[in-house]
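Hello,

Here is the structure you asked about, with notes on two parts of it below. Please read the notes with the model open.

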Amino acid sequence: MRRIYLDNNATTPVLPAVFEAMQAYFGEHFGNASSIHHHGQETRAAVERARESVAALLGCRASEIVFTSGGTEADNLAIFGLTQPGQHVISSTMEHHAVLNSCKHLEASGVEVTYVPVDGRGLVDPDDVRRALRANTGLITIMMSNNETGVQAAGKVPIDVKRMGCDLLSISGHKMNAPQGVGALYVRKGTSLRPMLHGGSHERSRRAGTENVPGIVALGKAADLAREALVRSDLDQMSRLRDRLEQGILNKVEFCGVNGQGAPRVPNTSSIHFDCIEGEALVIALDLKGLAVSTGAACSSGAIEPSHVLTAMGMPPERARGSLRFSLGKQNTPEDIEFALSLIPSTVARLRELSPVYNKTTASSY
Ligand SMILES: Cc1ncc(COP(=O)(O)O)c(C=O)c1O
């Protein structure tokens with residue numbers, strides 16, 4: 001059975017060149033990067049090369065990169081590492097749960113958090129952030145692009161942390177063709193960060209624990225490939241495929257629309273609502289026919305509640321529940337998009353036929 005994967009915001013496949021680069025660090029080069037003998041020095045050099053590569057992708061110095069076990073750990077290290085009791089934090093209502101739940105935890109420990117709203121396109125108004133500032137504001141944590149409507153900016157759009165002026169920025173390896181379980185946090189020089197893990201003095205005492213050398217090597221290679229692809233504008237092709245998919249769906253399916261229409265988006269993502277449809281039912285029906293998509297963040301799969309991202313954008317819960325996220329990857333071809341377009345309209349129509357609430361009048365009144 002043909003299977004097409006359009007859920008690259010949940011995770012991406014490891015690219016063959018990335019797999020090849022990391023492989024030797026499971027066997028041939030196995031040393032502990034903190035050991036002073038030859039074996040350790042070999043892996044230390046590989047970790048430092050990877051640090052240079054990630055730094056080059058983000059526009060910072062290698063010494064400003066801290067390797068972590070992924071995006072969640074990087075987010076937690078940034079939030080708990082910077083915030084002091086008695087301080088105030090600003091975040092937004094559409095953050096990933098790695099940030100939102102960290103902020104909830106801060107609130108429980110007496111830190112006040114202001115969640116600025118987002119507009120119907122999923123954008124934060126900088127004036128809302130300015131107005132929320134207080135004398136004791138210690139941290140502003142807002143995502144660069146949203147994982148449901150359009151993630152994980154690293155490798156998809158050029159990032160220059162110096163120009164952006166941020167002090168901290170998290171990336172997750174498995175969203176950019178490195179394996180799951182590795183990530184990094186950019187920490188601007190001079191930012192004082194309390195470590196979350198207590199142990200050895202790894203990562204300049206910012207993150208204790210023996211380095212995941214194969215994962216870090218993979219992240220470095222993925223960063224090199226992502227940077228080269230950005231220079232070659234490879235992602236223009238991906239955004240053309242995304243637009244073709246979006247246009248095809250809008251042309252062929254009644255009562256649907258793009259969430260966050262008109263907002264600047266990363267090139268691979270499209271979030272679309274299908275009125276009078278349960279998103280989960282559509283995901284399952286499409287999966288049975290060989291197309292993998294999602295209703296939103298993989299870590300929210302199975303949740304009864306509608307997406308907090310879409311409801312934060314002002315979308316009614318029924319419409320949010322009928323939304324699907326299509327996210328393309330480097331491996332997707334025009335044929336994959338045609339395959340998706342051959343399935344989606346008939347599957348939506350079939351589910352609507354079965355729906356007791358669907359008729360054209362109720363659908364058009366949304
Ligand atoms: C925006 C965003 N932040 C954080 C994470 C968590 O990253 P990881 O899965 O590497 O812990 C994800 C992944 O789902 C994400 O999309």
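Strand β3 and strand β5 (residues 137-141) run parallel and are joined by four bridges. Helices (H or I, at least four residues) and strands (E, at least two) are DSSP runs numbered from the N terminus, and two strands count as paired if DSSP finds at least two bridges between them. One of these links is from Val89 to its bridge partner in β5, Leu139.

Before going further, some ground rules. This is a predicted model, in which local features need pLDDT of at least 70 and side-chain atom pairs count only at pLDDT 80 or more, while totals for chains, interfaces and linings use all residues. Residues are numbered from 1 along each chain as its sequence is written, and side-chain values use heavy atoms, with hydrogens and water left out.

β3 also pairs with strand β4 (residues 112-116), in the parallel sense and over five bridges. His88 has Glu112 as its bridge partner in β4. Between β3 and β4 the chain passes through helix α4 (residues 97-108), and this β-α-β crossover is right-handed; that is, with the strands pointing away from the viewer, the path from the first strand over the helix to the second runs clockwise.

Five of the five residues of β3 (residues 88-92) are buried, so the strand is largely enclosed by the rest of the structure. Buried means under 20% relative accessible area, exposed over 50%, and partly exposed in between (1.4 Å probe, protein chains only). In a regular strand the side chains alternate between the two faces of the sheet. Both faces of β3 are covered, with His88, Ile90 and Ser92 on one side and Val89 and Ser91 on the other.

β8 is joined to β9 (residues 269-274) by three bridges, and Val258 has Ile272 as its bridge partner in β9.

The buried residues of α9 include Leu235, Met238, Leu241, Arg242, Leu245 and Ile249. The buried residues of this helix pack against α8 (213-231), β8, β9, β11 and α13 (334-354), where contact means heavy atoms within 4.5 Å.

Regards
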